[in-house]
Amino acid sequence: MPLIIAAAVLSLRPKAMDRDESSTRQMLEADEQVSPPQEQRESTKTRRDGATLLAVLLIAATLSTYLQVISFPFLVLDDNQQIVQNEAVHHWSALPSYFTHDVWESGSAGARYYRPFLHVWLLVNYKLFGLHPMPWHAALLLLYALCVILFWRLLLSAGIEQTTAFFTSLLFALHPVHVESVAWLTGGVDVLLGVFVFGGLLAYFKWSKSGRWGWLALAGILALAAMWTKETGVALPVLMILHSLFFAPDLRENLQRRMMTWVGAVVPVAIYALSRANALHTSPQQSWANVASTAPMLSSFFLRQALWPVRLAGWYDLEIVRGWPVSAFWIPCVAGMISVAIILIGLKRRNLAAYFGAFWWITLAPSLAGVRVFLQNDIAHDRYNYLAVAAVCFLVVSGLKFIPRLPVAIPRVLLLVLALLLAVVTVRQVKTWHSNEALYRRALEVSPLSIRPRNLLVGELLKKGQPREALQLARSTVELAPQEWESNFVLGVTLLQNGQMFASEGSLRKCIQLNPKVAVPYIVLANVLRVTDPEQALAVLRSAPPDVDDPGLIAALSGEIQRARGGMSR
């Protein structure tokens with residue numbers, strides 16, 4: 001907290017920090033004509049020292065707010081599967097497969113996440129740190145600090161004055177919506193994405209000013225890296241093209257350079273599209289009509305979380321919007337269309353606020369379209385808001401300057417108070433990620449109707465030797481979602497742990513009926529039956545369809561039971 005206060009006090013100085021970049025540049029050019037060389041060097045050194053101090057304060061505020069994550073373990077939530085138990089990220093020889101499979105190495109059937117660079121990041125961490133979680137968390141935290149600095153630098157490069165750029169970056173660094181991506185190792189994919197997107201946009205801004213081809217090449221390389229990190233990375237080439245159309249001063253008269261910008265943006269997209277199409281085919285979970293009807297509700301939800309981030313959790317009990325209700329569709333839809341119209345008008349006037357309004361929509365759009373392939377419990381997560389919240393921070397900081405009849409220092413004082421409040425909320429939110437049970441209980445506190453954390457908490461209670469509490473929670477979950485196969489499976493396992501084998505069999509059979517393509521329920525049910533009725537156990541395994549998700553497990557257990565029967569007959 002003292003670091004944030006020091007940073008704000010520094011920004012309160014009534015110097016030329018409130019001038020925009022163009023006016024500052026004009027002032028410096030005038031100084032060059034009248035000031036002795038010694039004074040010019042001293043002025044340049046003062047500016048550089050001030051920028052360095054601001055960068056140090058940003059880094060220190062970021063690290064101190066999140067420092068407690070260093071002691072966190074690997075979480076059951078994907079960390080064990082993606083890091084601890086995943087041999088693909090333990091060996092360099094597996095690296096080529098990252099570009100030919102989805103992140104779960106499931107081939108093309110039902111795959112939806114294509115993120116080669118996430119596995120590259122995990123592989124590098126494993127080779128450096130093994131399976132010791134502390135250095136993993138430290139590396140991710142340092143990566144987040146780098147992301148914050150890159151965001152600050154691109155704001156300055158875009159022509160935003162120093163105070164606005166600093167406070168925007170500070171609010172971005174301290175925003176609680178980022179906790180999921182910083183405290184959860186597998187969720188760190190968004191931090192890596194942010195490094196590539198902000199770094200690529202910074203390189204593009206330098207290209208648009210200098211015309212040096214190296215900057216354009218770097219922007220294109222980082223755009224490809226961003227898309228190979230996460231699907232949201234496609235926002236970077238779109239933002240490059242948008243800026244070249246409305247803002248880049250030299251490109252407005254130079255058609256050749258504008259075309260080169262487009263080539264530098266489109267070529268990485270083409271390479272990504274080809275590699276992704278070759279690696280996987282995604283099975284849709286929702287119709288496009290459901291995507292369209294749900295998108296307005298989700299966009300308003302993400303905006304609300306960015307502006308009022310006080311009830312955050314790993315899951316939310318939001319559901320697909322079916323039909324076209326007034327409150328869930330038409331009101332946010334009309335508001336969204338009005339905002340898009342205002343953004344288009346602002347872009348024509350070359351207003352940077354309009355560009356960041358477009359930034360919000362463009363970085364959020366892949367998550368809204370992702371409803372097409374997301375499972376029900378995955379349609380809304382804080383991490384989907386990771387990049388978009390940068391635009392909200394800029395618009396909030398910029399908007400305070402237009403409050404009438406306020407002394408110059410008042411907006412900065414308000415921003416200081418806001419930064420402190422965000423830091424407090426973030427520190428408290430980070431604590432909810434220190435263990436699996438704390439994470440699941442927080443989700444139930446915020447979203448008591450969310451099914452996924454309920455099922456995960458049941459498993460955690462069984463591990464801790466609390467089967468009765470687990471059974472009570474599992475039964476209440478099935479009452480909430482009687483047609484959810486996973487809830488029935490969890491109830492079946494919990495009943496088995498409580499010694500209720502007959503009731504367990506009924507839940508497992510219902511689970512198989514609801515989703516016959518999942519192998520695990522067949523395995524558990526067959527193991528329940530094999531002791532008393534091995535023939536019935538084999539019948540259960542034979543009932544699995546050919547397209548079950550893991551036929552190898554089915555075949556292995558079937559052979560084991562048959563061999564055991566053969567031994568008993570002898």
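**View 1. The second largest cavity of the predicted model.** About 30 Å³ of space lies in this second largest cavity, a cavity being a set of points on a 1 Å grid over the protein atoms alone where a 1.4 Å probe fits but cannot get out, with lining residues having an atom within 4 Å of a point. The lining consists of W121, L122, N125, W136, L140 and L185. By class, five are nonpolar, one is polar and none is charged. Residues are numbered from 1 along each chain as its sequence is written. This is a predicted model, in which local features need pLDDT of at least 70, side-chain atom pairs count only at pLDDT 80 or more, and totals for chains, interfaces and linings use all residues.

**View 2. The largest cavity.** The volume of the largest cavity is about 40 Å³. Its lining is formed by D190, L193, T232, T363, S367, R383, Y384, Y386 and L387. Two or more lining residues come from each of α9 (189–210) and α15 (352–369). Four nonpolar, three polar and two charged residues make up this lining.

**View 3. Helix α22 and its surroundings.** Residues 501–514 form α22. S504, S507, L508, C511 and I512 are its buried residues (under 20% relative accessible area; exposed, over 50%; 1.4 Å probe, protein chains only). Seen down the axis of α22, the buried residues fall within an arc of 140°, so they line one face of the helix. The face turned away from this buried side carries exposed F502 and Q513. Among the elements covering the buried residues are α21 (485–497), α23 (519–529) and α24 (534–542).

Key: Heavy atoms only, no water. Helix = DSSP H or I, 4+ residues; strand = E, 2+ residues; numbered from the N terminus. Expected span 1.5 Å × (residues − 1). Arc of directions from axis to C-beta. Contact = heavy atoms within 4.5 Å. 1 Å grid on protein atoms, 1.4 Å probe; cavity = no way out; pocket = protein on both sides within 12 Å on 5 of 7 lines; lining within 4 Å. Points joined across faces, edges and corners; volume = space filled by probe spheres on them. Nonpolar A, V, L, I, M, F, W, Y, C, P; charged D, E, K, R; others polar.
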